[in-house]
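Here is a short tour of one structure. Keep the sequence and the 3D view side by side while you read.

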Amino acid sequence: MEQQNDLQKRLLLALALSFAVFVAFDILMPKTATNLEQNQTTQSTQSSTTPQIVKSESTGQAPALAQSATTPISTVKSLTTVKSNKFIYEIDEFGRIAQATMLEKKYEYEGKKLKLLNPAWIKPLEIRFTEPSLNTEALKTPYSTSSPTVDISSGSGKVILTQKLSSTTVTKELTFFNDGHYDINVKLSNPTGYFIMPGQRPSADHTKYMVVQGVMIKQKTGALKIVEDGDAEEALTLQNVEFTSAFDRYFTSILYNFKEPLTVYTQVTKDENALLFVEGKESFSLHGYLGPKESKILEALNPKLTDAIEYGLVTMISKPMFKILAWIHDLIGNWGWAIILFTVMVKLLLFPLSYKGMMSMQRLKDLAPQMKELKEKYSKDPQKMNMKMMEMYKKHGANPMGGCLPMILQIPIFFGIYRVLLNSVELQGAPWMLWIQDLSQQDPYFILPLLMGASMWYQQKLTPNTMTDPMQQKIFQFLPVVMTLFFLTFPAGLVLYWLVNNLFTIGQQFVINSAYAKQKAAKVATKK
């Protein structure tokens, strides 16, 4: 029973410390040298070798990476420009989407329009052939286009790309739409094995958070395979695939077909990243999307595509949280106030449990002197000490476990909302009020983090202290300072959530302290 006396505080301490470790890894753990190099320069390590498709004896037509002296195509002239009011796609002379420029101001980076693709990486719509010599020829033979410019601002537009090779002619018919998706029809004059690629993931995340990025494959069975960059270990072969996605924190390149399932292969690069290869046919139709992982856009295309939005290990918790948050936002039109109302809803939902837990902690605080006497009296007989403590708890209606359940429930909620606010592209460029004009960025004046730290400190002052370990007490006292330092660089939306959560916890504590004081007064009056 000695350990149960301060179990609530220990659990709260464990929650805070585990979160500190969790976010410290996200913030302080540096990206791999490879990722840094790829994000900062167009001269990646792939410039010395080019992945090519070759026949594999063990898998027939499956792709395999081979070392090649062929120079990678990183800088080529534009063949067709696709323009909308939200983005511009540049299609290069090798029939690939060479660059995607986001025109909306909320996506700007360092005052410039955001470009999604790394020029030195493999591009969306790149075709690789199973025959090595044909593949080498294809990487050197330019396409021709039916139109140098396609304006889709008012809806959609089509372009036909043609590549004449020695043994076949490739025709890509592409229809682009203003929401960022496109239809693909590929025809070969003579059948031969080939693959079409969604390209490597967008390289548009310039933050220091260790968010999940890599590739995703969703099958008709519902199975979802995610391979993070740097974690690819083996080549995969998957059939009955509905969509493939190469993604970073906010953006994705998707190839999908929900009517005719796809066959998808992956290969591992020397940097342990996965490349996606969708097996093609002589006459092949599918769909693509290149742009932000925005829930409304993907759901409008097909609700199944919302699975392309993931939040790491807590996706199953975060997805419904985001839906509730988005529903509130649709009602009031402001993500900041939506976060506040969501926090209030969570606190109200947990209030009955919190009430019982906090009342139990108040009783335990009052019983602390008696517990100390029992420990001293029965120090040599732990079994009897525990029995006497149980009798005391029962007599006074105190439950040392009473405060645990609300805290345990808060753990998945907390990590779930953390990932929602960190990964949701909807918050990028979204203002709250006054000085907070982008909830995805840190508070420029550190006002919210400082208020959060102050609220955490004041919350500690109000909470009954049942800790008996001096070291734990010291650690607990320094938690507001530690958490404030962590939160200085957090997205403002996340800090806002924690601040509001603290403020309502303080309000709950006032209510419970007052209710407990009235109960004690009533008991005293009854005895008189």
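Is Ile184 buried or exposed? Ile184 is buried, because its relative accessible area is 0%. Bear in mind that this is a predicted model.

**A residue in a strand**

Ile184 sits in strand S10, which covers residues 181–188. Its contacts beyond four places in sequence include Leu125, Ile196 and Leu255. Phe284, Ser285, Leu286, His287 and Gly288 are also among the residues that Ile184 touches. Glu173 is 11 residues from Ile184 in sequence. In space, the two C-alpha atoms are 5.9 Å apart.

**A buried charge without a salt bridge**

Next comes Arg249. This residue lies in the loop between strand S14 (237–247) and strand S15 (251–256). Arg249 is buried, yet it has no salt bridge. Which side chain of opposite charge is nearest to Arg249? That is Asp205, 4.0 Å away. A polar atom of the Arg249 side chain does lie 2.7 Å from the backbone oxygen of Leu422. Contacts of Arg249 beyond four places in sequence include Asp205, Thr207 and Tyr209. Val211, Val212 and Lys293 are also among them. Leu422, Asn423 and Pro491 complete the list.

**Salt bridges**

Side chains of opposite charge can pair when their charged atoms come close. How many salt bridges are there? The count comes to 11. The table gives three of the pairs.

| Pair | Closest N to O distance |
|---|---|
| Asp229 and Arg201 | 2.5 Å |
| Glu242 and Lys220 | 3.8 Å |

Take Asp229 and Arg201, which form a salt bridge. Asp229 is in the loop between strand S13 (224–228) and S14, while Arg201 is in the loop between strand S11 (194–196) and strand S12 (214–219), so their pairing ties together parts 28 residues apart in sequence. Both Asp229 and Arg201 are buried.

Glu242 pairs with Lys220 in a salt bridge. Glu242 belongs to strand S14 and Lys220 to the loop between S12 and S13, so this pair ties together parts that are 22 residues apart in sequence. What is the relative accessible area of Glu242? The value is 3%, so Glu242 counts as buried. Lys220 is partly exposed, because its relative accessible area is 44%. Elsewhere, salt bridges that share partners link Asp92, Arg96, Glu126 and Arg128 into one network.

Lys113 is partly exposed, with a relative accessible area of 39%. Glu108 has 27% relative accessibility, so it counts as partly exposed too.

Which residues make a nonpolar surface patch of about 680 Å²? They are Ile324, Trp327, Leu331, Ile332, Trp337, Leu341 and Met345. Helix H5 (315–332) and helix H6 (335–377) each supply at least two residues of this patch. H5 gives the largest share, four residues. Ile332 has its place in helix H5. Its relative accessibility is 39%, so Ile332 counts as partly exposed.

How values were computed
Residues are numbered from 1 along each chain as its sequence is written. This is a predicted model: local features need pLDDT of at least 70, side-chain atom pairs count only at pLDDT 80 or more; totals for chains, interfaces and linings use all residues. Side-chain values use heavy atoms; hydrogens and water are left out. Buried means under 20% relative accessible area, exposed over 50%, partly exposed in between (1.4 Å probe, protein chains only). Contact means heavy atoms within 4.5 Å. Lys and Arg count as positive and Asp and Glu as negative; His and the chain ends are not counted. A polar contact is a pair of N or O atoms within 3.5 Å; within protein, one must be able to donate a hydrogen and the other to accept it, and residues adjacent in sequence count only if both atoms are side-chain atoms. Patches are made of residues with over 30% relative accessible area and no salt bridge: like charges are joined within 9 Å, nonpolar side chains (Val, Leu, Ile, Met, Phe, Trp, Tyr) within 5 Å. Accessible areas come from the Shrake-Rupley method with a 1.4 Å probe; for residues, only the protein chains shown count as cover.
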